[in-house]
Amino acid sequence: MSDTPPPNVWAAPPAGAPRRPVPAQGWPPAQGGPPYAAGPPRPPTETAPPGSAYHEQARNGRQKAPQRLGELLLVVVGNLAVPLVVVAFGALAWYVLGLDFAPEDGDRILADPLADEALALLSIATGIPVVLLAVRWCGNRPAGTAASVVGRLRWGWLARCAAVAFPLIVLQMGGLALWGYLSDGEESLAGDFPGWSGFALALVVLWALIPFQAAAEEFVFRGWLAQFFGGFLRSPWPGTVIASALFAAAHGFGEWSGFALLFYSAMWWGWLTVRTGGLEAVIAVHVANNMTAYAITAALGQLAESGNAADAPWQALVLELVAAPAYCLLIAKLATAHGVRRRSPATPAGSAEPDGRAEPAG
């Protein structure tokens with residue numbers, strides 16, 4: 001029998017001996033929990049990497065096939081079903097009030113042209129919440145990334161763009177009216193002025209809804225569609241071309257010149273969106289265009305007549321060939337001068353400067 005005593009298993013290990021890891025949260029682990037400390041929980045939303053262009057905002061690492069399909073279905077079905085629900089509730093309220101409906105052989109629902117136009121504008125405006133919900137729920141990214149690379153609308157930049165858009169649109173439509181007057185005489189401006197009270201009421205109602213209607217179309221076509229294709233395509237042009245064609249088709253098929261005008265304008269607006277990193281510039285010009293057009297239509301007492309940009313004459317297309325690039329190139333220069341961001345910052349969305357700047361000009 002050996003005289004060597006048995007080792008003491010309870011003694012402290014000698015100096016320099018490797019030590020076993022100690023559980024960070026004690027032992028045994030809680031029922032169903034990890035045995036060691038877990039990492040921080042994954043946030044519900046995630047932005048694209050810093051330096052991403054506007055059309056790349058969906059590249060947040062969570063855009064797998066199911067998410068893309070869900071986002072597509074939600075936007076398409078939502079923009080078809082929700083406006084129908086709004087129109088149905090509007091028609092029901094109109095019926096409860098005992099008011100008249102338009103003849104069945106026309107394109108309108110309500111007999112009152114102003115109320116019918118207001119209902120149509122309101123139904124289109126629902127595209128904004130549909131896009132924001134699709135981006136948040138299925139895209140797993142902040143909803144504001146559909147507005148700009150800083151995660152929200154840049155209101156100061158929007159105001160600057162509007163200050164350029166309104167005078168330009170008034171000048172463009174004034175030129176079109178003058179062209180029509182020189183070609184067709186006073187018949188081109190024929191109409192029945194509804195009186196100052198009727199005209200003022202039309203402006204208040206329509207101008208209150210047009211910003212939401214115009215912004216909704218931009219969120220869908222220049223915003224979500226561009227980012228949907230930008231999620232898997234590096235170039236913004238495939239998404240811009242497809243979105244421009246769909247934008248023109250969504251207005252109906254009237255005159256060839258009207259379709260060409262819409263497609264041509266949409267191509268320039270798609271470029272400007274990527275160039276300025278957001279929707280502010282195109283929302284401004286879209287709102288200015290629709291407000292001016294509706295003001296002219298209301299002044300001539302022609303709200304009851306069906307028609308939109310798809311019915312634009314060839315003269316309007318000629319003027320748009322100059323006006324669209326003039327506006328877009330001027331806004332692009334202003335964006336450079338004011339240092340407007342065209343790519344996402346390193347800071348989290350929503351924490352950038354109030355005007356979305358902090359990017360060197362040029």
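A residue is called buried here when its relative accessible area is under 20%, and exposed when that value is over 50%, with partly exposed in between. The structure is a predicted model, and the term is applied to it throughout.

The packing of H3 on H5 can be followed residue by residue. H3 spans residues 127–137 and H5 spans residues 196–230; the two helices cross at an angle of about 35 degrees, and their axes are 8 Å apart. On the H3 side, the contact is made by Gly127, Ile128, Val131, Leu132 and Val135. On the H5 side, it is made by Phe212, Ala215, Ala216, Phe219, Val220 and Trp224. Of the residues in this contact, ten are nonpolar, one is polar and none is charged.

Apart from residues up to four places away in sequence, serine 123 touches Pro83, Val86 and Val87.

H5 also holds alanine 200, which counts as partly exposed because its relative accessibility is 38%. In sequence, alanine 200 is 98 residues from alanine 298, yet their C-alpha atoms are 9.2 Å apart in space.

Aromatic rings come next. A pair of such rings is described by how far apart the centres are and by the angle of the planes. The structure holds twelve aromatic pairs. One of them joins phenylalanine 228 and phenylalanine 229 in an edge-to-face arrangement, with 5.5 Å from centre to centre and 85 degrees between the planes. Phenylalanine 228 counts as buried because its relative accessibility is 13%, and phenylalanine 229 is buried as well, with a relative accessible area of 17%. Ring pairs also join these two phenylalanines with Trp224 and Phe232 in a cluster.

A tilted pair is formed by phenylalanine 247 and tryptophan 269, at 6.5 Å centre to centre and with 55 degrees between the planes. This pair links distant parts of the chain: phenylalanine 247 is in helix H6 (residues 237–250) and tryptophan 269 in helix H7 (residues 256–276), 22 residues apart. Phenylalanine 247 counts as buried because its relative accessibility is 3%; tryptophan 269 is buried at 8% relative accessible area. Which residue lies over the face of phenylalanine 247? Arginine 222 does, at 4.2 Å from the ring centre.

H7 also contains threonine 276. Threonine 276 counts as buried because its relative accessibility is 0%. Setting aside neighbours within four places in sequence, its contacts are Arg154, Trp157, Ala281, Ile331, Ala335, Val340, Arg341 and Arg342.

Definitions and conventions: Residues are numbered from 1 along each chain as its sequence is written. This is a predicted model: local features need pLDDT of at least 70, side-chain atom pairs count only at pLDDT 80 or more; totals for chains, interfaces and linings use all residues. Side-chain values use heavy atoms; hydrogens and water are left out. Axes are lines fitted to C-alpha atoms, for helices over the stretch in contact, and angles run from 0 to 180 degrees between N-to-C directions. Helices (H or I, at least four residues) and strands (E, at least two) are DSSP runs, numbered from the N terminus. Contact means heavy atoms within 4.5 Å. Ala, Val, Leu, Ile, Met, Phe, Trp, Tyr, Cys and Pro count as nonpolar, Asp, Glu, Lys and Arg as charged, and the others, Gly among them, as polar. Rings of Phe, Tyr and Trp (its six-membered ring) pair if their centres lie within 6.5 Å; planes under 30 degrees apart count as stacked, over 60 as edge-to-face and the rest as tilted. Buried means under 20% relative accessible area, exposed over 50%, partly exposed in between (1.4 Å probe, protein chains only). A charge sits over a ring if NZ of Lys or CZ of Arg is within 6 Å of the ring centre and within 35 degrees of the ring normal.
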